[in-house]
Amino acid sequence: MKETTQKRIIKWFWALLLLPIAAVIILLMMVWAFADIPSFEELEHPDSKLATQVIAEGGEILTTFHIENRSYVTYAELSPYLVQATVATEDARFYNHSGIDFKSLGRVLVKTLLMSDSSQGGGSTVTQQLAKTLYPRADVRSRIPGMSKVKMVWIKLKEWITAVKLERNYTKDEIMTMYLNSIFFGSGAYGVKAAAQTFFAKNPSELNVEESAMLVGMVNKPTRYNPALNPDKALVRRNFVISQMEKADFLTKAQRDSIQNVPISLSYQVQDHNSGYAPYFRDMLRRYMRAEKPKKSQYTYPEEYSADSLKWEKDALYGWLNKNKKADGSSYDLDRDGLRIYTTINYKMQKYAEEAVAEHLGKSLQKSFWRDLRSKRNAPFSNDIDQETIERIMKNARRYSDRYRNMKNSGASDSEIYKSFSEPVNMRVFSWNKKGYCDTLMTPDDSIRYYKSHLRAAFMAIEPQTGHVKAYVGGPNYRYFKFDNISQSRRQVGSTIKPFLYTTGLMSGMTPETEFMNNSVSFAFPDGQVWTPKTTDKEEYKGRPLTMRKGLQISSNNIAASIMKALCAGDPWFTSGPNAMLSLMREMGISCHIDPVPSICVGSAEVSIYEMVAAYNTFPSGGLYCEPIFVTRIEDNMGNTLSEFTKSKRQPLNETVAYTMVQMMRGVVDGGTAGRLRSTYGLTGEIAGKTGTTNDNSDGWFIGYTPTLTAGVWAGAEDRQVHFESIALGGGSNAALPIWGLFMKKVIADGTLGVSSSDAFIRPSNMNMDAMGPGEGAGEVVDDVDESMFF
């Protein structure tokens, strides 16, 4: 071969060898110079839509606000098996390359592209996958032939550059952490923390080998290898990851063989907006933090406008999202900014409360109501409800339904929409069975009646002395019943209002042993109207003197009316007594509008459970009203404190009056309308409380307290026209009290929550016990109370 020919061959060899390399380098330089490569600041703060965490007082995550259910963890919070499984399966040379693994790329080029051997996998490193996840690829489709491939090459080069940037600015541990925090695992879980909670109800640090392998195996195809959806395929994939861990020397062969024989064990719960603990609390918190400055024109009653205006001024949490801005002036977003909201909710108490509501409604009360409905001519409505009222209720229900709204938006006429409500369709509806639902065929109208046939309940617990809200259950099942019956609803309170009346009486000079004749009491107004409350007292108590202590114990309407009439002595319009009682209730935290009429003494007023429980909490707090507090601080996604919260306290009652009321209300539990707490639920120790039942048994209440915990329950249907026919079933002692009993039984049995049967109410040191009277049966019969005794 001639020397010139040999030189020409060598030149072509190097040209063919170096030209592609030079082309790649030029392309990289062009991409770096002209493409939209993420800056270092963007790498630090990608748009990752972090979920805001709602955190219980013990640090447990109750629930989240999110678009993507994603929460970050640190490297120290990762199980080492997670890291090992990721390296073994996704990037065996992770600790040796600088973002791009050219050896893997060569393997892909030769075996996958040239030899069509797809078993060799892809050539992307963990760092490249992170770059792709943080900055998703744009659509590469194009009508120009070959242009989609050009776009893909351009994007791939951008990912390479981003990967190199990541490697230069972060440690391997930081890259691994960002990767596991960013990837999608299916079932709505973004990031390994959400995945660990969704599939195993664990934190990432608690995952064992097989659980770690299961999650890492899902990264490639989250739906295909989802163990809840495709358990067989998921098992094969998990065991493949375990084999890779053995090949990488993270496991011995014996460990591999042993672990691969372990069956898949899940604790699967999709973490969507309908799941998790305290979903009603989460929605209340969102409404509270999003509140806008009150406008007088939006209120019907001036006292409610005043209360909300004061809340806006004094309560930093109320309207927090509208009062606070980020450093750049933009507003906080609960669904994207990854805030950490630390609450006063106790994780165990919340769990016990939700269990108690479900247990009583699902296993007992709803079954009784199904039987009660058999006697209804137009179920679920009571027989005394006229057809016009029923049609009005049904029409409102249709207009507020998703079906009506969607059809209206699509241009359908009202006649077309209403016709659709009578046509049977397949649907999934709530049920108290094990699945929590049933699939059936029914008309939308029938589904409205079906849901109106389901009883609702709400429960709230609060701590004396601090006002810390410990549990919050706004309804029976958030997925199907979104309405929050604690703070969004006001229901007639029935006899649960009587402790405020009796307290007013004590503060006007009466004592627990003050007696009234148990006769029917009428209020005759100057305009000729007469109001006479009904009584449900047993015959043995009628027509004889009863002390106030006994009147409260048996919840006598006659005695309540007698106290109110005595407070109105000399007032022909009977407003002085109601005004005195309402003044006290305002001081005890009840801010809603209530008409100052004598009938409030037996519970005609409509009040929220939230305000009633907070007001009752004044009694075990020694007369101190503690405004409910449910958030202690808010942090940003980096752990920096943004706000801390406290609530105001005031002393509407002196300690002696508060303690006297405690002792009187203990009689309701020990021998009165709440006696089932002792006889049925076996609760011992010092407990006080009051039952309540409204007209037609539409609302059942029980609010009770121990020295260390106050809790209230309401139970009833969505509409007051749907109710039990008998007080034995619909009364507070049967409809509401059992939830309280079940909850408190669980709390005391737990033994770790600071509530025990040995807790005792503390008597004021300066209180003379003789002032409480010698006991039932003693005292003076009182027909009137002198006006000079008013406070």
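This is a predicted model: local features need pLDDT of at least 70, side-chain atom pairs count only at pLDDT 80 or more; totals for chains, interfaces and linings use all residues.
## Around helix α10

Just after α10, Asp249 adopts a positive phi of about 70°. Asp249 sits in the loop between α10 and α11, and its positive phi occurs in a residue other than glycine. With a relative accessible area of 68%, Asp249 is exposed.

Helix α10 runs over residues 231-247, and at 1.5 Å a residue its 17 residues should span 24 Å; the end C-alpha atoms are 24 Å apart, which agrees. Its buried residues are Ala234, Arg237, Arg238, Asn239, Val241, Ile242, Gln244, Met245 and Glu246. What covers them includes α3 (80-90), α9 (209-218) and α11 (253-260). As a reminder, an α-helix has 3.6 residues a turn, so residues three or four places apart point the same way.

## Aromatic pairs and a cluster

The whole structure holds 30 aromatic pairs. One of them joins Phe523 and Trp531 in a tilted arrangement, 5.4 Å centre to centre with 40° between the planes. Phe523 is buried, at 0% relative accessibility, whereas Trp531 is partly exposed at 22%. Phe523 also pairs with Phe574: their ring centres are 5.1 Å apart and their planes lie at 80°, so this pair is edge-to-face. Phe523 belongs to strand β12 (residues 523-524) and Phe574 to the loop between α22 (557-567) and α23 (576-587), so the pair ties together parts that are 51 residues apart in sequence. Phe574 is buried as well, with a relative accessible area of 10%.

Elsewhere you can trace a cluster: ring pairs link Trp370, Phe430, Trp432, Tyr450, Tyr451, Tyr480 and Phe481.

## Charges over rings

Lys311 lies over Tyr318, at 5.0 Å from the ring centre, and Arg428 lies over Tyr437, at 3.8 Å from the ring centre.

## Backbone details in other loops

If you enjoy backbone geometry, turn next to Ala379 and Pro380, which are joined by a cis peptide bond with omega of about 10°. Pro380 is in the loop between α15 (347-373) and α16 (387-399).

Ser555 has a phi near 55°, a positive value in a residue other than glycine. Ser555 lies in the loop between α21 (548-553) and α22. Is Ser555 buried or exposed? At 10% relative accessibility, Ser555 counts as buried, whereas Asp249 is exposed.

Conventions. Residues are numbered from 1 along each chain as its sequence is written. Side-chain values use heavy atoms; hydrogens and water are left out. Helices (H or I, at least four residues) and strands (E, at least two) are DSSP runs, numbered from the N terminus. The expected span of a helix is 1.5 Å times one less than its number of residues. Buried means under 20% relative accessible area, exposed over 50%, partly exposed in between (1.4 Å probe, protein chains only). Contact means heavy atoms within 4.5 Å. Rings of Phe, Tyr and Trp (its six-membered ring) pair if their centres lie within 6.5 Å; planes under 30 degrees apart count as stacked, over 60 as edge-to-face and the rest as tilted. A charge sits over a ring if NZ of Lys or CZ of Arg is within 6 Å of the ring centre and within 35 degrees of the ring normal.
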